[in-house]
Amino acid sequence: MLIPEDFLKKEEDHVEGFSPEVAVVTYAGGEKLEKGLVLRPTSETIIYDTFSKWIQSHRDLPLLINQWANVIRWEMRPRLFLRTTEFLWQEGHTAHSTEEEADLFAKTMLEVYRAFAEDVMAIPTVSGLKSESEKFAGALKTYSIETMMQDGKALQFATSHNLGQNFSKVFNVQFTNDNGESSCVWQTSWGLSTRTIGGLIMVHGDDRGIILPPKISPIKVVIMPMWKSEKTKNVVLNKSKELHDMLVNKYGNSSIILDDRDVRIGQKHYHWEKRGVPIRIEIGPRDVDNNSFVLVRRDTSEKQTVELSNLTNTIEHLLDEIQKNLYLIAKKRQEDNIVDVKTWPEFVENIESGKFVRAYWDENPETEKQIKDKTKATVRCLPLKYSETKEGTCVFSGRKATKKFIFARSY
RNA sequence: CGGAGUGUAGUAUAGUGGUAGUAUAAAUGCUUUGGGAGCAUUAGGUCCGAGUUCGAUUCUCGGCACUCCGACCA
C-alpha cells in the first residue's frame, strides 16, 4: 500500500506519468516523515525492488507474481465505476530471461483478458497496440483490449505491458545467464480493474436495468411465486420450495433465489430485472394445476411455458442462449460501428456520430494531438488483426502512412 | 486549476418579499395480489453567516457544499 516516494522516481517515464495523480503520506506516527510514502497507484516499483533480491540466476526465471490490490489514483475527475479514486484491480508482474519470451508473455496475458471479456462477460473486443503517447508510463509497448459501449465510446478494458528492461535497469533486477554473464531481466506487467463492471453495465444494460451474462451472474434463476388467497398461497409456496430445492441441488444455494415476499408480482419483476438476473420462473395457481412453469429471459423478455420434466434442460439451454445472444448483439453493434475512412471530413463526421474509425495515421504525436483537440477522439490502438502494412496517406496530415489505427472518443 | 450552474422533507422537485406545495419513500389501519396496488390518517423541509426590509426560503454580499464541461485517466 505504501511505496517509498523515491522508488517511484527511479524510472523516468514512470514518475512523469504517475506524479500528477499520486497521493502521498507525509505524516505518520505523530511526526512529519523524512521521506514521503506514496499510496500505490500501481506496484511495479515496490515489486521490482523485491524482484532484485529474489532473482539471482536464470534458474529463478521466469518469475510471475499476481495480486489483487486496491490502488489510489488522484484523478482530476473521477467517474463512477470507470475512474474512481480508489479501485480494486488485479495486477501481475513477470520477469524473463529474454526479450522474446517477455513480449510473447505480454501477448499471452492480453489473450487471457480477451477471452475473459468475450467468453465470460460477453463483451466483444479489439486487441491492439497503444500509441507512444498512450502507452503505460515506463513501458516499451502497451497492448490493450478496447471495448465499445452502447453510446459508441471506447472503454479500455485491460492492458498488458512489455516493460523491456526499463525497470530492471533502474531496480537492478539482474540474473546470471547460462554463460555466466550477468544481465537485466525482461519484464511484463498487466492489469484488469473493477472498471470492467462499469463496462459490463454499459455494454449490456437496457432501460430496465443491468443485464448480466449468465456466466458471470451470481444469481442464475429467481423463482417468483404468486397467489390470490391464503389457500392458493400455501399450494404455490410449497411448489415453489420444491422447485427451489431441486434447482439449488443442481446450481448451488447462492445461484437460485426464491422471492416469496408478500408483494405484488410486478414489483418483484422490476426488482430482479433491475439486478439483471438472467432467468425468472413464475409460479401461480394455474401453473401448479398444470404442473408447468413460465420461464422469462431477461435479455429478450421472451416467455415460455415449460413442464417440470423439461425444466432443468430448458434452463441449461436458456442460460447458454442468453450468454450467446448478449455477445452476438454486442458484437454486431461493434461491427456495425467500426468504419474505415480515408478523408478528414469523413473522419470528423463518423467520430461525431459515435463510431470507431479506422484510418491511416502518420504516427506523429503532433498529428495525434491535433486530432484529439479537434474531435476529442484518441488513438485507441493499432489493431493486431488489421495491422497489414500498405502504403497510405494520413487521414489528417496527408503525409505518408503505413498503418491503420482505430480512433474513437473514450471514457 | 479554468469555465458554467445548483443548494427547499429520507429522495426527486415546484413556488413565493407576507401560513412552503407536489410526487415518492416512511408509519398506522382497512382492502388488494398473473407487471412498480388503492383509500384514509400521521410525521417530516428552505446549506451557513451578514446586509437591505416592518417582514427574506425568495433580493444583495461573503462562505461552504455539490453538479456539469475542459485538462488528467485503468
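Helices (H or I, at least four residues) and strands (E, at least two) are DSSP runs, numbered from the N terminus. The model shown is predicted, local features need pLDDT of at least 70, side-chain atom pairs count only at pLDDT 80 or more, and totals for chains, interfaces and linings use all residues. Residues are numbered from 1 along each chain as its sequence is written, and chains are lettered from A and ligands numbered from 1 in the order in which they are written.

**Figure 1. Overview of chain A.** The secondary structure of chain A comprises 12 helices and 22 strands. The C-alpha trace of chain A extends over about 80 × 60 × 50 Å along its principal axes. Of the 411 residues in chain A, 39% are buried; a residue is buried if 20 or more other C-beta atoms lie within 10 Å of its own, exposed if 12 or fewer, and partly exposed in between, with C-beta atoms placed from the backbone. Two residues are in contact if their C-beta atoms, placed from the backbone, lie within 7 Å. Among contacts in chain A between residues at least 6 apart in sequence, those joining residues at least 24 apart make up 66%.

Figure 2. Chain A is assigned domain 1 (2-204), domain 2 (221-334) and domain 3 (338-408); the bounds come from an automatic or database domain assignment. A distance of 27 Å separates the C-alpha centres of domain 1 and domain 3.

**Figure 3. An open sheet of 10 strands.** The strand order is β4-β5-β11-β8-β7-β6-β19-β22-β18-β17, and the pairing is mixed. Two strands pair if DSSP finds at least two bridges between them. The edges are formed by β4 (63-72) and β17 (338-340); each has a single partner strand, so one side of each is left without a neighbour in the sheet. On average, neighbouring strands of this sheet are turned by 35 degrees against each other, direction ignored; axes are lines fitted to C-alpha atoms, for helices over the stretch in contact, and angles run from 0 to 180 degrees between N-to-C directions. Within the sheet, β7 and β8 run antiparallel and are joined by 8 bridges. The bridge partner of S144 is T159, in β8.

**Figure 4. Helix α6 and its cover.** Helix α6 (residues 195-204) is mostly covered, with 7 of its 10 residues buried. The buried residues of α6 are R195, T196, G199, L200, M202, V203 and H204. Their cover includes β5 (86-96), β7, β8, β11 (186-193) and α10.

**Figure 5. Surface near RNA strand B.** RNA strand B is surrounded by 35 residues, of which Q156, R264, G266, G284 and R286 are the closest. A residue is near a molecule or strand if its C-beta atom, placed from the backbone, lies within 6 Å of it. At least two residues of this surface are supplied by each of β8 (154-164), α8 (265-274), α9 (285-290) and β15 (292-297). Helix α8 gives the most, with 7 residues. The surface near RNA strand B contains 10 nonpolar, 11 polar and 14 charged residues.

**Figure 6. The hairpin of β15 and β16.** Strands β15 and β16 run antiparallel and are joined by 5 bridges. The bridge partner of S292 is E307, in β16. Between the two strands of the hairpin lie 5 residues, and S301 in the turn has a positive phi of about 65 degrees. Strand β16 (residues 303-307) is hardly covered, the count of buried residues among its 5 residues being 0.

Figure 7. I329 lies in helix α10 (residues 311-336). I329 is partly exposed because 17 other C-beta atoms lie within 10 Å. The C-alpha atoms of I329 and A122 are 9.4 Å apart, although 207 residues separate the two along the chain. D6 belongs to helix α1 (residues 5-8). D6 counts as exposed because it has 12 C-beta neighbours inside 10 Å. Between the C-alpha atoms of D6 and G36, 30 residues apart along the chain, the separation is 8.3 Å.

Key. Nonpolar A, V, L, I, M, F, W, Y, C, P; charged D, E, K, R; others polar.
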